[in-house]
Each structure stands twice: as structure tokens, then as C-alpha cells.
Amino acid sequence: MSHPWANDKMPGGNSFQDITHILTLASQAIGLGEIVARSTFTLNDAMNAIEIMDPRMDSGVILPQSSLNSGGEAHMTFDPLTPLLPVEVCWVIDRSMAGEMGWHGGSTLSQTVYTLLYVHHLNRFQPDKMLPTGDITRPVELISVVLRSAVVGLLKTCDLVWRELIKGHVYDGEDFHSDKFDVSLCEGFQVAKVVELLDDGLRWLSAQTANEWYEALKYRLELRKCLLLAISQSPDIFGTQEALVYQAHRLLQMIVKSTPPPPPFNSPAGSAFDPTITRRLVSVAPLKAIELISQEDAWKALQGMLDGMIEAYGMRDCESPLKFMSALEARSRNLGSSAPMRNAFVRSMNSTILSYKHPRWILGLVYSEITFIPHEYMSSLARTASHFLLQSGHLVHQPALISDSLTDIENRIKELLVFLASALNQNRSRARRTFAKMLFAWHKLDEDVQGLVGLLQQPPGTSQVAVNITSRLPLAILHIRLSIVIELMFSGFELDLYTPSEFAFTYWYLSSILGTQVKAISALLSLCGSSEMEETSMAYLESRQSLVTALRLLSLTRLSMLIRKAKKEELFPKLDPDRQRMNIERRFDWILPGEGESTDLSDVAKPDWVAYEIEMIRLKRREDEEAVSKDMVWLSQGRSLLLGLKENSMADESMELCSDIHKQFINRLIETSNFYLTICQKEKDAMETHTAIIGEDETHQESRGSFAFSTHVWFPWVD
């Protein structure tokens, strides 16, 4: 007797019965995201079910209803040969720009540029492969000539940007994503060929009957041409880049005025973008589908990129290291939407430009512009000191030791300044880590410079002028080092790293460092001469002194206000002093020298824990009336200094390359001073009239309404 399934060819043998129809029926009762499993089923079982990198992984899943709108209408299936109206082509090009700016913003190519499906079908809609449609409103050339040239231009621009980004000045995975997902960025196209395609599109548009959207398309192709040509030229070469970028600026202003409306849902243009394309591209792991940024944000991002490129060309032409570094410092800060950081491409351009500068150029920041010490003068003093020590028996076999030490120190200054400039071109989080890593090298340099200056001043008969000039060098090194510490501390507020319970130490430490910085600058000013050639150095130091003093006064005020607030609320945790110190040391461990980083020089940047605890006790014991009055004096003094900086901004030539952003920075500090003055005045009025102090939240809202601004990110309000 034969088995009933003897003739079946079942996988695994003839003893199995096909129950696929039963499983299919049962699966209909399972909802999306649900599974049926035994009680012992674990995550490990799930991960072992499919081998990593197996093509069966569900990165290509298409969720139900993903192709329907809210009314249940289906998107049209994408066909690159489908004719489009001029307004639809315009919309597609604009949204592709949003994708490009999204990539510049840190998303992957697969989530942004590659969501434009025309990117994957370039060979299908070539001019010789498309037949006339007979529809004069949808000429085939809009796709095969105009749109195709725009897409090729987009990809080639991304290719050129990609080449700049991978030079190593910015970080893959942090600032940008370099993965191309096995999709071509038209690497094989020469720039001249792409420009020729864009010119073909422009000629075809110019030959058509005047039409609003044809004109709009011409603006977009011209913009792409300007971007492509500007980016294709090396930033170190003096060429036509600036003129091209300025032309792109003008075109962008006209394009913003002619933004097309979104197409209806059943328009073929709507199917030109597919955010789920990420699931069908070659990738290490499936990526989440995201929406492209809004068109308004795309235009703002492009505007910022163009502004950054113009700034970069200005830095390329800049002969002053002080102006160069001041511009980098001003732009490195993440101060909110009013002054956003430049994108990774612009920051990489800045680093590329720096790499083309002469190796000793940046040394002029210390010698020529902060201290105004002629290099030849220092070399002459080194030779004199060497001969003196040789004659006195201190140097027997190495008469050139001091000259060699001077050369070594100059090389270290140059290397650290280049390192600092590179850090200022990084994203703020990495810049902060880099600042912390370089602090000990600056401290060791400070120690060695002081030792060298002592030797240079040792020979008898050394004039007081020589002593004054050489004494500027260690002060300049200290000034730069303290500036790094200050940027590092304030960057914590930009990155929202501090908790309110840490604000008190942060502002106390900042006031201490800022006070030391004021003393260093004052000492430098006292040693500077009055010759005409030193006026630029003195103007920089004087403006820096005013700014640092104002920041110190604001820091002292915020510390005082926090202590008063802590008397009424549980702002600070109730921890014993040892525990508090351990927490602070852990948070600010970069302040303390690491293993093997000790030096003989006392570090003025090292916090005095005893002084901090004594100051906290003193502030807590103060009467509120005394504290409020003192705060108002500090705020008024700080505001006066800031107003002076605003009025005399033209006198400080060091801010020439970043005058606009510096003015915004100063204005925000002035507004913040006004805001806290209002808070203090209300507290004082309430104390004098013996009435209840208005709720701080209400005070905050009322003050914001009066001044219509938010506080500076470095001095946030604590609710």
C-alpha cells in the first residue's frame, strides 16, 4: 500500500504535508509589528534567525498604505519618461536642492539626494531616447534636456563637494556621510561636459515663448552652473569664484520669489521622490526614511553656504593671521539660528585654505600682531645670550643652544596655532574635545617660553626696552591659552552639557579665568609701545580687554543671582563638600593635568577649590539687598563696556572678516545685560516696597515681552 503523499515532491522528504494555506490564513489575524512565538522565544533567537548581511533582511520592506495619501488615493508609479509641466519641473529641481542641503546638514545621500528617482534613471531619459509627445504644454525637452542637465549638475556638484569633504579636515560620520551606496555621482563626467549640458538647457529655454516658469527654470539652471563652476575651482587659486558666488546670491534672491506650489497628489511630479529608496540601496544597515527639509529651510541653508564661501575667499586673500583666527573663532561658536555654524563643506574649505598658507605665516599672529616683536630682534638677542653664557662658562660645547631653543619654540607655536585653527573648523563638540587635549601642550609651551625669556634677559647690559619686548612673548602665550579655556567653558553652554547644579562652579571658574585674562592683557598693553605700527595690536588688545571684562562681570552676576535663587529653591543638590568636589572634578577633569603631564610651572588655570568653597559661603551669607545692588552695578558696567565695543567696532580691524557676526554677538550680550538688569530692578523694587517679589517665571515672560529676545546662550535663564 503506497503512502498517500508518496508522489508529492515536498522539501525535506515525502513525510511532510504542505500547510502553507493554513499559515497564510492564520497570518491575516496578526497585525503589523506583531509576532507569534513560544514563551521562551528571546531576542537572541530573533537575531539568529537571519544571518547578518543576508539579502533576506527586511531593509526593503514597503509598509502598507505607504503609497497612499490621507484620502486613500494612490501615488502614480514613477516613470522617468513621463512628461511634466514647467512648474512641475521647477518644483522637482527645488526639492532636489532641499535634498542637497539635507546632505550638507549631515544626513546620508540615500536619505536626501538619492530620494530623487531621476538620479537612478539618467540613462533612460536622454534626448535621443525620448519621442515627442505632441503636448505643447509638456514638451519632451523639459525632461530630456532641462531636467536631465539639472540632475547631472546636482550629482556633479555633490561629487566635487564629496572630494573636498574627504580630505580629512572634517569627520566622516560626524560632519557628513561619505557613503555613496554604490550610486554614481557622475564622477566620470568632466565639469566642462556638465556645463555644456546646462548651457544646452538654457539655450532651449531661451528659444521658447516667454513664460513665467520657463524664466524660473533658467534661473535655476544658471544657479546650478554658478555653484558647479565655483566649487570646481580650487579655493587657493585666485580666480572667478567670488564673482560666481555673488552671481549665485543674486539668482537665489530671484528664485526665492518664484517658488512653485506643491503639485497635486496625482501629479507625476509627486512620484519623483521616494524616501523609502534607502531600503533598496546597498548599505551596511537599513536607514530610516526621513522627510526632506522644507523649501524655506533649503534656501536658508544655501544662503548660508554661499555666505560661508564668500567668507572663505576673504580668508584666502587675508594676509593677517589675527583677522583669520578671529573670523574662525567667531564662526566656530554655535550661537543659535541667528548665527548658525557653517556647514562641513565651508569649514573644510577654510582648513584647505589654511593648509596652502606659508608654514611660518601663522607665526605672525604672535610676533607681528599680538606682541609686535620682530623675529630678527629675537634671533639677535638669542645670539647675544648664547655668547654671554659661552663666555661665562655656562655653555661650553653648545653655543647655539639658545638659538636652537628659540627655533624649537617657534615651531611649537606654529604647530599649536595650526592645531587650534583646525579645531575651530570642526563641529563644536569635537572642537571642545580638541581644546581640552591641547591645553597641556600650551601650558608646557608657556613654561618653556618663560625659561627662554629668562635666558634672553640674563646678559648684563640688557636694556629695559629689550626686557619689555621679550616679556610680551610669555604673556601672549598665556593670553592664547586662557582664550582656549574660556572658549572651552562657554562651549559647554552651547552644547547644553551643564546641569543647573553645575552653573555655580562654572560661572565662578569663568570669572576667575576671565579675571586672569584681564590681567594678562593689561600687562601686554603696559609693555606695548606707542609707535604707529603697533596701533593695530593695541586696538585688538584694548577691545579684547573690554570684552573679557564684560564677560567676567556677567559671569559674576549670574553666579550671584543663582545663589539667591538657590536660597528659595532646591537648585543645588544637598551634598557634602567632598562629594561636590568629586563631582566637579569628574565633570571638569580636563582642567587637571593627566598622568605624565606635570610641569614645574604653576598653572594659573587650575581651580582653587578652597577659594571656591569660601566664596560660596560668603555669597550665601550676603543680604539680598546688598547682592542685588552689586549685581546691578556689575551689569551696568558690563553693558557700558559692550556699548563701547559696539560704537567703536570699526576701530578693531581684527574683526574685519567677521564684523557682522561679531556685532550680533555683542548685541546679544547687550540685550542679555538689559534683561538681567530688569530682573534685578524688579527684585530691588519689591524689597524697597516690602511687597512680594513677582514670580520669576512671570518676570521672565514680562521681560521677554519688553525686549523681544532670548538670553545669550552663554548666560541662560534658569527656570
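Begin by selecting helix α19 (residues 609-621), where Arg618 and Glu615 are separated by about one helical turn because they stand three residues apart. Helices here are DSSP runs of H or I with at least four residues, and strands are runs of E with at least two, both numbered from the N terminus. The model is predicted, so local features require pLDDT of at least 70 and side-chain atom pairs count only at pLDDT 80 or more, whereas totals for chains, interfaces and linings use all residues. Residues are numbered from 1 along each chain as its sequence is written, and side-chain values use heavy atoms, with hydrogens and water left out.

**Salt bridges**

Show the side chains of Arg618 and Glu615: they meet in a salt bridge with an N to O distance of 2.8 Å. The term denotes a side-chain nitrogen of Lys or Arg within 4 Å of a carboxyl oxygen of Asp or Glu. Arg618 counts as partly exposed, at 41% relative accessibility. For this and later stops, buried means under 20% relative accessible area, exposed means over 50%, and partly exposed lies in between (1.4 Å probe, protein chains only).

Next, select Glu329, Arg333, Arg428, Glu487, Glu494 and Arg544 together; salt bridges that share partners join these residues into one network. Over the whole structure, a search finds 35 salt bridges.

Move to helix α8 (residues 295-317), in which Lys300 and Glu296 are four residues apart and therefore separated by about one helical turn. Their side chains form a salt bridge at 3.5 Å, N to O. Lys300 is exposed, with a relative accessible area of 52%, and Glu296 is exposed as well, at 53% relative accessibility.

Which parts of the chain does the pair Arg433 and Glu174 link? Their side chains meet in a salt bridge of 3.6 Å, N to O. The pair links distant parts of the chain: Arg433 belongs to helix α14 (residues 428-456), while Glu174 sits in the loop between α4 (141-165) and α5 (191-206), 259 residues apart. Arg433 is partly exposed, its relative accessible area being 39%; Glu174 is likewise partly exposed, with 38%.

**The loop between α4 and α5**

Remain in this loop and select Phe181, which has its place there. Most residues other than glycine have a negative phi. Phe181, a residue other than glycine, has a positive phi near 55°. It is buried or exposed? At 5% relative accessibility, Phe181 counts as buried.

Asp182 lies in the loop between α4 and α5 too. Although Asp182 is not a glycine, its phi is positive, at about 60°. Asp182 counts as exposed because its relative accessibility is 69%.

**Cysteines**

Now colour the cysteine sulfur atoms. The structure holds zero disulfides, a disulfide being a pair of cysteine sulfur atoms within 2.5 Å. Cys186 is in no disulfide, and the nearest cysteine sulfur, belonging to Cys158, is 9.7 Å away. Cys186 is buried, at 4% relative accessibility. Cys318 is also buried, with a relative accessible area of 9%.

**Helix α7**

Select Arg250 in helix α7 (residues 241-256). With 52% relative accessibility, Arg250 counts as exposed.

**The packing of α9 and α13**

Display helix α9 (residues 321-332) with helix α13 (residues 401-424); they pack at an angle of about 35°, with their axes 9 Å apart. Axes are lines fitted to C-alpha atoms, for helices over the stretch in contact, and angles run from 0 to 180 degrees between N-to-C directions. The crossing of α9 and α13 is left-handed, that is, the near helix is turned anticlockwise from the far one by less than a right angle.

Which residues of α9 and α13 make the contact? From α9 come Met325, Leu328, Glu329 and Ser332, and from α13 come Leu417, Leu420, Ala421 and Leu424. Contact means heavy atoms within 4.5 Å. By class, the contact comprises six nonpolar, one polar and one charged residues. Nonpolar covers Ala, Val, Leu, Ile, Met, Phe, Trp, Tyr, Cys and Pro; charged covers Asp, Glu, Lys and Arg; the others, Gly among them, are polar.

**Helix α16**

Finish at Gln517, which lies in helix α16 (residues 500-527). Gln517 counts as buried, at 1% relative accessibility. Not counting residues up to four places away in sequence, Gln517 touches Leu478, His479, Leu482, Ser483, Ile486 and Val548.
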